[in-house]
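Here is a short report on one protein chain.

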Amino acid sequence: MKILYLNLDRGIPVEGDKGASVHVREFVTAAAALGHEVTLACTTRGAGNPPPPARILQFGAPPADMSIGNEIERRERVRLDHDGLVADRICSTLARLGIEPDLVYERHALFHLAGVSIAARLGVPRILEVNAPLVEEQRRFRGLYLVDEALEAEEASYRGADAIIAVSRQVAAQVAGVIGRTDRIHVVPNGVDLARFANVDAIGAVIRARLGLAGRRIAGFIGSFKTWHGVPFLIEAIAAAAAWHPDLHLLAVGDGPEREAVAALVAKLGLADRVTLPGRIPHGEIPGWLGAMDFTVAPYLPQPDFYFSPLKIFESLAAGRAVVAPEIGEIDGIVAHGETGLLYPASDGIALQAALSRLLADQAACQTMGWRGRQRLAGRDWRDVVRLCLALAPVRLPA
């Protein structure tokens, strides 16, 4: 099959480190491994990771109109202007290159309707992948000026899809609330490249030795240092648990807006010899860093309608690491309490400390949970996910 994959969100660089960037690359890589020919149309490529095996076409956004006084509105007008032009540019480029897609697969982007137009012009089905309620997310975390335009585009994008992939039940419910139907909506959680995260212990031992952490029991965090990821909350729990577990060390991999504040908190609590903050690590190296950890923690803070399908939890389990995480959203369907990790009530610091202590006190149980976690991911390889998603495309007979 010839697939046109649309990733027109300027905040998701194809070669970046964030979870959304990883998702795009993993999906495209799996589709190519299954024998599909993928053309990836994007707005930004970024840097730091190898591109996926696809023909990549980049369509940059127009410059902002600086006569508009509100900075948020300027950014949003750029998105609208880009969407108005990019469908023509993509279709023209495809025609010039002789590319005739059989399917449009689009990652939902705020304000964007290009996929609806492109699929109609090409006369092919369109699958829309929705990873978050973007309008609400933008309102809550970054501010939204053109609310009516965003809601209009969201509804039109949803209605213009032949099938909608929602990564969680919460996202599916949001989509259904907008379009008033459920028959085209399918919940398909994220996946993981099981081969890439196999046999990570040897590389992990090298990283441990390089960091001077041989012999320590290492709790790990991998992700963005953003408010809802709860890294300061984890640091405080580590400080409390360290009093009872002298060999405990936290290895917190990643970067983000809270990293400086986290470093300051580590210093304030006297944890300089208990916490390592290596910063950004390219995603291709993450398996080895997971191999350096005994178990991982995903300390998400509570928030309404937690809608994520967390890639880092899938990757931790694929690496054979038990996971400690709050019992919110989809997480209790990914981590089986007492079997593949430990769950605790969100924001309950005492419960998080108890979970840490339980895994630190019983290394054999910790390892068994990690082994079970990897075994239970059978059927969650990215290739399985891609097969399932592509099978949802309706067959269109020639006119």
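## Surface and charge

The chain exposes about 16500 Å². Carbon and sulfur atoms supply 52% of that area. The model is predicted.

Charges come as 42 positive and 45 negative. Their mean positions lie 4 Å apart.

## Overall build

The chain holds 15 helices and 13 strands. Its radius of gyration is 22 Å, close to the 21 Å that the globule rule gives for 399 residues, so the chain is as compact as a globular protein of that length. The C-alpha trace spans about 70 × 50 × 40 Å along its principal axes.

Of the 399 residues, 54% are buried. Contacts reach across the sequence too. Take those between residues at least 6 apart: 72% of them join residues at least 24 apart.

## A salt bridge between strands

Side chains of opposite charge can pair when their charged atoms come close. The structure holds 19 salt bridges.

One of them joins R107 and E129, with the closest N and O atoms 3.4 Å apart. This pair links distant parts of the chain: R107 sits in strand β4 (residues 103-107), E129 in strand β5 (residues 126-130), and 22 residues separate them. Are R107 and E129 buried or exposed? Both R107 and E129 are buried.

## A salt bridge within a helix

E136 and R139 also meet in a salt bridge, at 3.9 Å from N to O. Where do the two residues sit? Both belong to helix α4 (residues 134-141), three residues apart, so about one helical turn separates them. An α-helix has 3.6 residues a turn, so residues three or four places apart point the same way.

E136 has 35% relative accessibility and counts as partly exposed. R139 is partly exposed as well, at 40%.

R196 pairs with D193 in another salt bridge, the closest N and O atoms being 3.6 Å apart. Which residues belong to the network around this pair? Salt bridges with shared partners join E26, D193 and R196 into one network.

R196 is partly exposed, with a relative accessible area of 33%. D193 is buried because its relative accessible area is 18%, and the cut-off for buried is under 20%.

## An enclosed helix

Helix α11 covers residues 311-318. How many of its residues are buried? Eight of the eight are, so helix α11 is largely enclosed by the rest of the structure.

The buried set includes K312 and E315, which carry charged side chains by type. Also among them are L311, I313, F314 and L317. S316 and A318 complete the list. G320 follows α11, and its phi is positive, near 75°.

## The surroundings of R169

R169 lies in helix α6, which covers residues 169-179. What does R169 touch, leaving aside neighbours within four places in sequence? R169 is in contact with V187, G329, E330 and D332.

R121 is another matter. R121 and R169 are 48 residues apart along the chain. Their C-alpha atoms are separated by 32 Å.

Definitions and conventions. Residues numbered from 1 in each chain as written. Predicted model: local features only at pLDDT ≥ 70, side-chain atom pairs only at ≥ 80, totals over all residues. Heavy atoms only, no water. Helix = DSSP H or I, 4+ residues; strand = E, 2+ residues; numbered from the N terminus. Rg over C-alpha atoms; globule rule 2.2 N^0.38 Å. Buried < 20%, exposed > 50% of the residue type's maximum accessible area, 1.4 Å probe, protein only. Contact = heavy atoms within 4.5 Å. Areas by Shrake-Rupley, 256 points an atom, 1.4 Å probe, with all protein chains shown as cover. Charge placed at Lys NZ, Arg CZ, Asp CG, Glu CD. Salt bridge = Lys/Arg side-chain N within 4 Å of Asp/Glu carboxyl O.
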